[in-house]
Amino acid sequence: MTMVFGIPIQAFLGQLLVGLINGSFYAMLSLGLAIIFGMLRIINFAHGAQYMLGAFAGYLLLAWAGVGYWPALILVPLIVGGLGILIERLAISRLYNLDPLYGLLFTFGLALVLEGIFRYYYGVSGKPYAPPPLLSGGANLGFMFLPIYRGWVVIASLVVCLGTWLAIEKTKFGSYLRAATENPSLVQAFGVNVPLLLTLTYGIGSGLAGLAGILAAPVYQVSPLMGTDLIIIVFAVVVVGGMGSILGAIVTGYILGLAEGFTKVFYPEASSTVIFVIMALVLLVRPAGLFGKDA
Amino acid sequence: MAVAGLSRASTESTSTLQWALLAVAIAGLLVAPFFVYPVFLMKILCFALFACAFNLLLGYTGLLSFGHATFFGGAAYFTAHAVKVWDWAPEAGILVGVAGAAVLGLVMGFFAIRRQGIYFAMITLALAQMFYFFCVQAPFTGGEDGIQGVPRGELLGFISLNQPLNIYYFVLAVFLAGVFAIWRIVHSPFGMILRSIRENEGRAISLGYSVANYKLAAFVMSATLAGLAGATKAIVFQFATLTDVTWQMSGEVILMTLLGGIGTMIGPIVGATLVVTLQNTLATSGFPVTIATGLIFMACVLVFRRGIVGEILARLPDRNSK
């Protein structure tokens, strides 16, 4: 059997794939956090809960209405994003003139409520969500066995991340967003509806979390607790990457996912803490984060 | 954290009326165990001290830590281990817990003060989660079971803490000493510098203060006092479990402080009393505590950011403007 660093290559590649999958979700979630933070100057603690909401929305659409995976892939981001727009209009828009910490505390409360509701009705045990027939099964690549759905998640998340990045960098809407991030009052003076931009940004950010949630549903089990534990790791990713750059958030997400996978191969006991250790090291060497501009 | 209306509460002069109120409050606490279940009172006292220690950092230095469960729950583990496994006296065990919390505070503070604002909050949250995973895996914490059956022992070798009244007055003494320490820190020249950092960090730097050192000192003091609360709780309830090191616990202490009034002396005590009472009530009603907690959080942020005590103080006639 082929060995890499004294580990069978199958096990090595398998853990790397798990790392890449986790990294895909870190990247998608830190991307959403960075977009929301860039415009609203608010750290969306509810991002994890919205990810959980996405997974549950997919699960419930199937259980109640018989809506399958593919339509859910479109519907779920719209539902979660729409809910985000509602919350932004009703509550978060009142917090813009305050210290950003209040936004963090409000969305923390929101996360507790969302998590509490689903825990109350569905308990803490995970619910299985089968991948669609087209993506079930696996492929033998000769050197390893690849479950097709996992390959799909990696590709889909790359497409989502690159698409979002291109939309922000290359489209007219994206240029409005970037301009409003730099100088909201000037952009408003040019006749752009900045409050509407803020609302849409929060909607898009929440929608991205929902999309990540439905993508995650067949990989992890659908459970009320799946979001908040993940969001704390994503916060560490965001501290490492710095929120100044969208691309930085994406790249850091994948790298740290892979780092976690590596650790699982060589020193499994540390795999749950390695991202936090990396965060501490980055804080020592480069406190502003790898891609950060603000100190 | 620039919170409007705080300066009034923190610059209040200690008038005769306030001394009288304080005397009444202490007298009330002295007779309380004859009317209310002492374990319930001790739980409130432990959490109130925890919230006051947290408020030293948020209210008077302007730093929002999302990782204070580390010091509260960590100290509980250290104390429980010292008393149960090493067979130490309760006062020595509490000292071990407090010292451990101080060391943890020094480490976490060292990393966290490198960033400001929301980054500070996220770093403390991440490091606290790391400590949580450490507690899940480390052999001495007993994993999911925690450390159970911690003996209360005899204070100073002759006061049996198994007597409900003895342990109540011991916890009350710890609580009063802790709150007095916080009051002294806040009303010292050191406390004034902390407040200047909260109001305008840039100006404090330009005045020549090494802001990083002051922040770290405040962080360690807050962690130490939070540790005192956690260590005492371990003796009272005779166990230390993972619950006390979770992020939910860090969130709970923020809620107590926010609800009572950030940057007020008695706000966190009021907040802790309300939250603990609410949790006890909900525990029997079947309504999920997390939903209630989250709703109060959202309501506080949207409607009364000064908290209950802060709102009352803001409505009182200004005594300083004569």
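This is a predicted model: local features need pLDDT of at least 70, side-chain atom pairs count only at pLDDT 80 or more; totals for chains, interfaces and linings use all residues.
pLDDT is the predictor's confidence in each residue, from 0 to 100.

View 1. Residues are numbered from 1 along each chain as its sequence is written, and chains are lettered from A and ligands numbered from 1 in the order in which they are written. Chain A has a mean pLDDT of 89, with 97% of its residues at 70 or more. Its secondary structure comes to 11 helices and 4 strands, taken as DSSP runs (helices H or I, at least four residues; strands E, at least two) numbered from the N terminus. The C-alpha trace of chain A spans about 65 × 50 × 35 Å along its principal axes.

**View 2. The side of chain A that touches chain B.** In all, 33 residues of chain A are in contact with 35 residues of chain B, a contact being two C-beta atoms, placed from the backbone, within 7 Å. From α4(A) comes the largest share of this side of chain A, 16 residues. By class, the side comprises 24 nonpolar, 4 polar and 5 charged residues (Ala, Val, Leu, Ile, Met, Phe, Trp, Tyr, Cys and Pro count as nonpolar, Asp, Glu, Lys and Arg as charged, and the others, Gly among them, as polar).

**View 3. Packing of helices α1 and α8 of chain A.** Helix α1 (residues 9–40) of chain A packs against helix α8 (residues 194–216) of chain A at an angle of about 170 degrees, their axes lying 9 Å apart. Axes are lines fitted to C-alpha atoms, for helices over the stretch in contact, and angles run from 0 to 180 degrees between N-to-C directions. The two helices, α1(A) and α8(A), are therefore roughly antiparallel (angles over 145 degrees). Residues making the contact include A:F25 and A:M28 of α1(A) and A:L197 and A:Y202 of α8(A).

**View 4. The surroundings of A:G81.** A:G81 is found in helix α3 of chain A. A:G81 counts as buried because it has 23 C-beta neighbours inside 10 Å (the cut-off is 20 or more other C-beta atoms within 10 Å, with C-beta atoms placed from the backbone). Beyond its neighbours within four places in sequence, A:G81 is in contact with A:G203, A:I204, A:S206, A:G207 and A:G210.

Note on methods: Angles under 35 degrees count as roughly parallel, over 145 as roughly antiparallel, 65 to 115 as roughly perpendicular and the rest as oblique. A residue is buried if 20 or more other C-beta atoms lie within 10 Å of its own, exposed if 12 or fewer, and partly exposed in between; C-beta atoms are placed from the backbone.
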